[in-house]
Amino acid sequence: MTSAFFQRVVFILGLMAGSCWIAQAQEYKYEIGGMAGGAFYMGDVNKNTFFKGMNPALGGVFRYNMNFRWALKGNLTWGRVSGSTDGLKNVFPQDAQGSFSRDLVELGGQVEFNFFAYSDKYAFMNTKRFTPYVLLGMGVTVAPGNSQTFAGLNLPFGVGAKYKIKNRLNLGCEFGFRKLISDRLDVTDDSNSFLDNPYEISSSLWKNKDWYSFLLLSVTWDFGPRSRPCNNINSLPGF
C-alpha cells in the first residue's frame, strides 16, 4: 500500500467528516420566534366579510421540525376582536342593536405540512429555501369581558409560507382560521347577550358558531443542531 493510497483514504475520510459536520451545524431541530399582524372576528355581526374590523395581534411561536416536510408548532398569541351591528342588512329580533370589543389569548398547537422539502442545504435532495404549507390543530381561547369571560376550545386550520433568509433565520407569513365550538365570543355583558344565538335556532356543534382569524408575519431562529451519523441516506434529516 503506497502513500498515495493513504492520502486518498485520508481525503475521503476528511470529506465524510466534513459532510457530517455540515449536516450537524446547519440543520436544526427547533425554531423559536415572534409573530405580529392582525386579528378579526366572524359571527353574528360579521357573517362573511374577511378582514372586517381588523385589530392588532402579537404572539410567540415554537416549532419542532421532524423532517423537511413535517413540523409540530406551538403558539401563544394575543389579539383583539370586535364587531358591530351598524350597517348590517340582516335584522335581529326586536330590532336589537349592539357591539363588542375584547382581547383574547390563545394557546394552541398545530401540525404543519410543507409542500416542498424545506432547507437551504442538501440541494441533491431537491430542497427549497421557500415553501408554502398547510396547518391543522387544536387550541384553547380565553377572552375576558366586561362581566362575562369566554373560555373554550378552538379548531385552527390555515395556510402559510416560509422563507429561509439565511442559515438559522426564517421569515414566515400565515393566515389561519379558528373555529370555536361556542356562539358567545361576541357576548361581553348583558347589553349584547342577544348575540348568543339571536334567532334561537337549534344547531349542531359545527353550525352557527363564532370564528376568529389571524394574519401574521413571523421571524424565527433555528437552534438545537441534529446529531446524526451520515454514513447512509436514511440518516439524513429529510428522511
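**Reading the model**

Author: K166 counts as exposed, because its relative accessibility is 51%. Exposed means over 50% relative accessible area, buried under 20%, and partly exposed in between (1.4 Å probe, protein chains only). The structure is a predicted model, in which local features need pLDDT of at least 70, side-chain atom pairs count only at pLDDT 80 or more, and totals for chains, interfaces and linings use all residues. Residues are numbered from 1 along each chain as its sequence is written, and side-chain values use heavy atoms, with hydrogens and water left out.

Reader: In which strand does K166 lie, and with which residues is K166 in contact, leaving aside its neighbours within four places in sequence?

Author: Contact means heavy atoms within 4.5 Å. K166 lies in strand β6 and, apart from neighbours within four places in sequence, is in contact with D120 and R129. The C-alpha atoms of K166 and D120 are separated by 7.6 Å, although the two residues are 46 apart along the chain.

Reader: How many helices and strands are there in the protein, and how are they defined?

Author: Helices (H or I, at least four residues) and strands (E, at least two) are DSSP runs, numbered from the N terminus. The protein has one helix and eight strands, and from the N terminus on the elements run α-β-β-β-β-β-β-β-β. Among contacts between residues at least 6 apart in sequence, 70% join residues at least 24 apart. Of the 239 residues, 40% are buried.

Reader: How should I read a salt bridge, and how many are counted here?

Author: Side chains of opposite charge can pair when their charged atoms come close. The rule applied is a side-chain nitrogen of Lys or Arg within 4 Å of a carboxyl oxygen of Asp or Glu, and by this rule the count comes to nine salt bridges. One of them joins K73 and E112, with the closest N and O atoms 3.1 Å apart. This pair links distant parts of the chain, 39 residues apart: K73 is in strand β3 (residues 70–84) and E112 in strand β4. K73 and E112 are both buried.

Reader: Which strands hold E106 and R178?

Author: The side chains of E106 and R178 meet in a salt bridge of 2.9 Å, N to O. E106 lies in strand β4 and R178 in strand β7 (residues 169–180), so the pair ties together parts that are 72 residues apart in sequence. Both residues, E106 and R178, are buried.

Reader: Are K164 and D222 buried or exposed?

Author: K164 forms a salt bridge with D222, the closest N and O atoms being 2.9 Å apart. Because K164 lies in strand β6 (residues 150–166) and D222 in strand β8 (residues 211–225), the pair ties together parts that are 58 residues apart in sequence. K164 is buried, with a relative accessible area of 6%, and D222 is buried, at 4%.

Reader: Which residues are linked in a network of salt bridges?

Author: The network links E31, R63, K73, E112, K162 and E174.

Reader: Where is N114 placed?

Author: N114 is in strand β4 (residues 99–114) and is buried, with a relative accessible area of 2%. Not counting residues up to four places away in sequence, N114 touches F68, R69, T131, P132, Y133 and K162.

Reader: Which residues of the largest nonpolar core touch the most other members?

Author: In soluble globular proteins, nonpolar side chains tend to be buried together. A nonpolar core is a set of buried Ala, Val, Leu, Ile, Met, Phe, Trp, Tyr and Cys residues joined through side-chain atoms within 4.5 Å. Of the 16 residues in the largest such core, Y41, V81, L104, L185, Y212 and F214 touch the most other members. Strands β1 (28–42), β2 (55–65), β4 and β8 each supply at least two residues of this core.
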